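Biologist: Before we go through this model together, could you show me how to read its backbone, its sheet and its core?

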Amino acid sequence: MRFFTKYHKWGGLVIAFFVIMFSLSGIVLNHRKVFSSVDIPRKVLPEEFRFSNWNNAAAKGSLKLSSDSVLLYGTAGIWLTDSLQSSFSEFAYGMKKGADNQIVNRIVKASGGSIYAVTTFDFYKLGENNQWASMTAQAGITERIVDLEIAGDTMVILTRSHLYYSQMPFSQFTCVELNRPNDYTPETNLFRFFWLLHSGQLFGIAGQLFVDFLGLLLITLSITGVIYFFSPKLIKRRKRRNKPTKRLIHTMKVSVRWHNKIGILFLFFFLLLSVTGMFLRPPLLIAVVRSKIKNIPGTVLHTSNPWNDKLRTIRYEPDSQQYLLYTSSGFYTIRNFLAIPHKTQVTPPVSVMGVTVLEPTSGGWLVGSFSGLFHWNRNTGMIINCHTGELVRGVQRGRPVSTFPVSGYSSDFAVPVVFEYYKGALTFDTGRSFASMPHELEDGRMSLWHFALEVHTGRIYNLILGVFADLYVFLAGLLISLIFISGYILYRKKYKKRTP
């Protein structure tokens, strides 16, 4: 009992701040669209979260407007430059305010010359005076948008679960639920199951609001615990100085009462949050990232849509006259939107975080992710690692993060440019360098949602934790779980009345 008392007391004090940060950031993460217009200045964040040399996915891709005009886009919005990158000017006028609302996934040019773009939540057309006009409502899109493609007179907008297509002049869109592939089984990735359970999304908006409520209770639990920790010493000090202590004693008693009630009534849910959170980061992540479970009835997993939350990227392949579709289940090909998708067996290694580059090249495709950059010849099945020049043999699973995490690519400048997530712009021609970022971007902003994600995963504490940063969530979850268990043991021993 002495051990449990000391562990719960001092362990709770140490972890209280982090529990509050977990709770606040979790509430923000659960409502991305609500907080999409709220930003944090990057200059107040640690160095690794600031833009430098187009890192942190500031640039994902580009579109050549003319022989001397290029649009460069990514998490930093849209910037207009020339083929020599001599100057940069912002080109996101008309888009919704907020860093999260200006994360551009792709920009394409139609045969008639019109320019279109998709961000995380919106679909735009470039209008007069270089102002972007939203067409999201006109297209009837309410989901998160992931990609955009134009093949001839057909436009395709891809969301996480559906495909929207339209014919020239792209004024009316049809929503399509793609057919089940031949290899479909009603199951889901175990990692995704833990993610949905941890956030409450497994049970829809009601589940999310309940998890938000649990977050508020955890904040209350932490504050009342800290009050109870310091109150006895403060009471003794005030008594020695002959100062009134009645209000302080009352506050302490109320804090203890609510601390015990909240802890006991919601113990199971607090433990569930801790354990599921531990499986979303290393080392437990490795155990679930490739595992599958059957879809559970009564949850959002039990749906008639076989592509629910699985679609990621789409490109048209003129040679085969097919669409190449990348999903969380791998690569598929479809001849039209009513056809049955066929899975491609021999594919490049792709990180579990998905494809970041899928561009046509002579003789195949350039495929990039946090697992690296690869040249893929679909006809021969030959895959070459562009970073090492080595031939990839056999089917390999992509590492979550390799030594060459690719976040973007552009072939619209004098030499091809690869955007590495941490180092930024790298050119294939080592004798040339890409232009420095404009000063306006170096002092850029990060969305509150992405800041909350860095806090929730512990990456914001990298400078303090050092080599233990990757284990932060696991160690914090373990410590929090043991604190809940020790608190329950103390409650049963000290406060629970035993029946004769």
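Modeller: Let us begin with asparagine 129, which counts as exposed at 72% relative accessibility, where exposed means over 50% relative accessible area, buried under 20% and partly exposed in between, with a 1.4 Å probe and protein chains only. This is a predicted model, in which local features need pLDDT of at least 70 and side-chain atom pairs count only at pLDDT 80 or more, while totals for chains, interfaces and linings use all residues. Residues are numbered from 1 along each chain as its sequence is written, and side-chain values use heavy atoms, with hydrogens and water left out.

Biologist: What is the phi of asparagine 129, and in which loop is this residue found?

Modeller: Its phi is positive, about 55°, although asparagine 129 is not a glycine, and the residue is found in the loop between strand S8 (123–126) and strand S9 (132–134); strands (E, at least two residues) and helices (H or I, at least four) are DSSP runs, numbered from the N terminus. Asparagine 53 also has a positive phi, near 60°, in the loop between strand S1 (39–41) and strand S2 (61–66), and asparagine 53 is partly exposed, with a relative accessible area of 27%.

Biologist: How do I read the sheet that has the order S6-S7-S8-S9?

Modeller: In general, strands of a sheet pair through backbone hydrogen bonds, either parallel or antiparallel. Here the sheet is open, with 4 strands and antiparallel pairing, and two strands pair if DSSP finds at least two bridges between them. Strand S6 (104–109) and S9 stand at the edges with a single partner strand each, so one side of each is left without a neighbour in the sheet. Between S6 and strand S7 (residues 115–119) there are 5 bridges, and isoleucine 107 has alanine 117 in S7 as its bridge partner.

Biologist: Which residues have the most contacts inside the largest nonpolar core?

Modeller: A nonpolar core is a set of buried Ala, Val, Leu, Ile, Met, Phe, Trp, Tyr and Cys residues joined through side-chain atoms within 4.5 Å. The largest one has 32 residues, and Leu218, Phe270 and Phe484 have the most contacts inside it. Helix H11 (472–494) is among the elements that give two or more residues to this core, and H11 provides the largest share, 6 residues. Not counting residues up to four places away in sequence, phenylalanine 270 touches (heavy atoms within 4.5 Å) several residues, including Leu214, Ile262 and Phe484.

Biologist: Where is the cis peptide bond with omega of about 15°?

Modeller: That bond joins methionine 168 and proline 169, and proline 169 is found in the loop between strand S12 (163–167) and strand S13 (174–176).
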